[in-house]
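Here is a friendly tour of a two-chain structure, written for someone who likes to know the cut-offs behind each term. Take a look at the sequence and the structure before reading on.

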Amino acid sequence: MSQWLEDVIAHAEQPASNELAATWLAEQRNSSLKKLKEQKWPTRRTEAWANTSLVSVESRNAKPTPANITSWDKPAIPGLDSIDIYFVGGQLKTDLSTFTLPEGLSIYTLQDEKAEAVAASRFAQIKPERHIFGLINDAIANSGVVIDVAENAIIDTPIRLIHLANDGVENHSRVLVNVAKHAKVTIIEHGVGEEDSVNTSMSEFDVADNATLYHYRFALFTQKALHVGGCHFQVGASSYINSTIVAFGSDLSKLNIDVNYTGEHSNVDINAMYLLAEGEAFDLQSTIEHAVPNGTSNEKVHGIIGDRARANFGGRIHIHRDAQKTLAQLNNRNLLLSRRALINTKPELEIYADDVRCAHGATIAEIDDESLYYLLTRGIPRSQALIMLNFGFIQELINDIEIDPIRAWLTDMLSTRFKSMEVS
Amino acid sequence: MVNMLSIKNLHAGIEEKNILKGLDLTINPGEVHAIMGPNGAGKSTLGYVLSGRDGYEVTEGEATLNGQDLLDMEIEERAVAGLFLAFQYPVEIPGVSNMVFMKESVNAARIARGQEEYTAGEFLKLAKEACKQVQLPLDFLKRGVNEGFSGGEKKRNEIMQMILLQPSICFLDETDSGLDVDALKTVADGVNSQRSPERSFVVVTHYQRLLDYIKPDFVHILADGKIIKSGDASLALKIENEGYGFLGLNYVEEKA
Ligand SMILES: Nc1ncnc2c1ncn2[C@@H]1O[C@H](COP(=O)(O)OP(=O)(O)OP(=O)(O)O)[C@@H](O)[C@H]1O
Ligand SMILES: [Mg+2]
């Protein structure tokens, strides 16, 4: 058992923590708390945690009561015009009432009774129950928003949810997004932290028929900022989801992605990249449930692992018996920059339908000699050519990003990080 | 006067296989030399050996560029010294933008010459001009190097690099193959625009057609790893009409 989990459960059981919650939320919390109490704290023998240790979190004292932090950094994405919402130290810091939102877009706090119509049937229902940190977040998340995009609403301005972890605090924030039929929205989850902290940010997305979601998750947690988060998607018919994940690593950083198809002819693209330096660790687990026919998924995961860093990737594609004509692709490519760098990769294909096309694979990349030769014949110094080619591996995925300022910002930030990894 | 490129008795090969077997070639500033010859004769190999590609070993002979020992230099040093190789099959490098790639190439040469590097803005202007000159749409600058380019587009991209790099000797390996009639003219115009008394060209081709546009000063036949005949532009015409038969090449036997 873990001291931290005991504290979390004790906190969730205090009457005070529920008094603050809206009725719909209080009910969901109680239900998740019950399930949480039935779960065992994972050990290295628990399959989902076999390669990621919880030592850094299990013996600490939990601080689930939000900290009242008054000043914080604002991570900018230059040139990006977005609706920014801050979560700092477990508190929602942005006064939602100050926004003039475009028509068709509503944003509620997690405590708002008005969110009930959207949230009561979705909160904690899209996210699979097996994630223990998901249940923890259900039970204690205080800061969060419910975003509702009405039918046919095309929201051009991205909504950016910024999760910040400061020294010693915990940040349990929660996002629920409903994208109704024929609607379109862009959601950016931007998490940053390096100081000692615990972060569980969970997000759930219900993407209805003919709707479009562009999603970004930046898990830029490093050093002592512990992070176990999740992005969980439910996809209706003829809809499209495009998700870009960017992660660094810390003493503990893990992200679960779940996609569940409920309607046919939908298409999901996931591009994930991780750049791990020094002794950083990052764990990405994705599960794609092709439960209905005619779905398409394409997941590309590219990682660069330097020094003593460790990456763990599990990509499961589950094609149910009825899911004929599924087209599923999953590719994990890794570049190891040092002998001590480590990757565990496990693409898993489980197919129960017979008329499907699937491709999956994992590779440990090496520099392509012919490409290197080409760059050298143009006079580019060898050291620089190697940087260009190695980073090209990540740049490939950055180039797919739709929003120019995000592309430019990531190119800049990731290439700077990469160059510092090369020399160390 | 120092020869621009001087190759003497060059023997080279890959692993155990000898490919170049005593090749001599001298090129002076401003000259255009065409090299023709049957498939597998060693034409591309000559380009690789001159550029210093890994795996190609020189067993005998010498090559100098402006009096400097070429074979002793690193690949990137040869480029900076003024050697440019347009590839028969340019490689695709997804993830490295064509623009960044060309800017880094040009700036590498500038740094070596002690010149200021171009800023992104300055280079963009030059690149756009070069791109127009080879008639590639401007979005080709943003794409990955040769990524998804058609055969002909790759060749034009090679010529664009040549225009930007301003090398002193250009080795063009079958830059004309895979080009449609208009593209052939575009590429030839691109090459002709770069002709100058200080710059020389080696044009490897199978077709006389290209030489109608790029008038060579000399034509050489490379067969079985050697230059077996040299002449003026009329030699190319003769080959176009008669094939290599008159040189007795159909009967060349592998010597032990
Ligand atoms: N890696 C290799 N291993 C073994 N033989 C090789 C290798 N590369 C080239 N060769 C051989 O060397 C010879 C010369 O090849 P090269 O590509 O230089 O010919 P070429 O004159 O350019 O022909 P083409 O007109 O078809 O382009 C050929 O017989 C070829 O098969
Ligand atoms: Mg050839």
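## Ground rules

A residue is called buried when its relative accessible area is under 20%, exposed when it is over 50%, and partly exposed in between (1.4 Å probe, protein chains only). Helices (H or I, at least four residues) and strands (E, at least two) are DSSP runs, numbered from the N terminus.

This is a predicted model, in which local features need pLDDT of at least 70, side-chain atom pairs count only at pLDDT 80 or more, and totals for chains, interfaces and linings use all residues. Residues are numbered from 1 along each chain as its sequence is written, chains are lettered from A and ligands numbered from 1 in the order in which they are written, and side-chain values use heavy atoms, with hydrogens and water left out.

## Chain A as a whole

Chain A contains 9 helices and 19 strands. Its radius of gyration, taken over C-alpha atoms, is 21 Å, close to the 22 Å from the globule rule for 424 residues, so chain A is as compact as a globular protein of that length. The rule itself is 2.2 Å times the number of residues to the power 0.38. Along the principal axes, the C-alpha trace of chain A spans about 70 × 45 × 45 Å.

Of the 424 residues in chain A, 59% are buried. Counting a contact as heavy atoms within 4.5 Å, 84% of the chain A contacts between residues at least 6 apart in sequence join residues at least 24 apart. The accessible surface of chain A is about 16,600 Å², with 45% belonging to carbon and sulfur atoms; such areas come from the Shrake-Rupley method with a 1.4 Å probe, and for residues only the protein chains shown count as cover.

For charges, Lys and Arg count as positive and Asp and Glu as negative, while His and the chain ends are not counted. Each charge is placed at NZ of Lys, CZ of Arg, CG of Asp or CD of Glu. On that basis chain A has 38 positive and 55 negative side chains, and the centres of the two sets lie 4 Å apart.

## An open sheet in chain A

Two strands pair if DSSP finds at least two bridges between them. In chain A, 10 strands form an open sheet with mixed pairing, in the order S2-S1-S5-S7-S9-S11-S13-S15-S17-S19. Its edge strands are S2 (91-92) and S19 (357-364) of chain A, each pairing on one side only. Within this order, S11 (residues 240-247) and S13 (residues 267-276) of chain A run parallel and are joined by 8 bridges. Tyr240(A) has Asn267(A) in S13(A) as its bridge partner.

## Two covered strands

What encloses strand S14 (residues 281-290) of chain A? Of its 10 residues, 9 are buried, so S14(A) is largely enclosed by the rest of the structure. S12 (residues 253-261) of chain A runs parallel to S14(A), with 7 bridges between them, and Asn256(A) stands opposite Gln285(A). S14(A) also pairs in the parallel sense with S16 (residues 310-319) of chain A, over 10 bridges; here Thr287(A) is partnered by Arg316(A).

Strand S8 (residues 197-207) of chain A has 11 of its 11 residues buried. In a regular strand the side chains alternate between the two faces of the sheet. Both faces of S8(A) are covered, with Phe205(A) among the buried residues on one side and Met202(A) among those on the other. S6 (residues 170-179) of chain A joins S8(A) through 10 bridges in a parallel arrangement, and S10 (residues 225-235) of chain A pairs with S8(A) in the parallel sense over 9 bridges. Glu170(A) stands opposite Val198(A), while Asn199(A) stands opposite His227(A).

Chain B has 8 helices and 12 strands. Its radius of gyration is 18 Å, close to the 18 Å that the globule rule gives for 256 residues, so chain B is as compact as a globular protein of that length. Buried residues account for 54% of the 256 residues in chain B.

Helix H1 (residues 43-51) of chain B has 9 of its 9 residues buried, and Gly52(B), which follows, has a positive phi near 90 degrees. In chain A, helix H7 (residues 369-377) has 7 of its 9 residues buried, including Tyr373(A) and Tyr374(A). Just after H7(A), Gly379(A) takes a positive phi of about 90 degrees.
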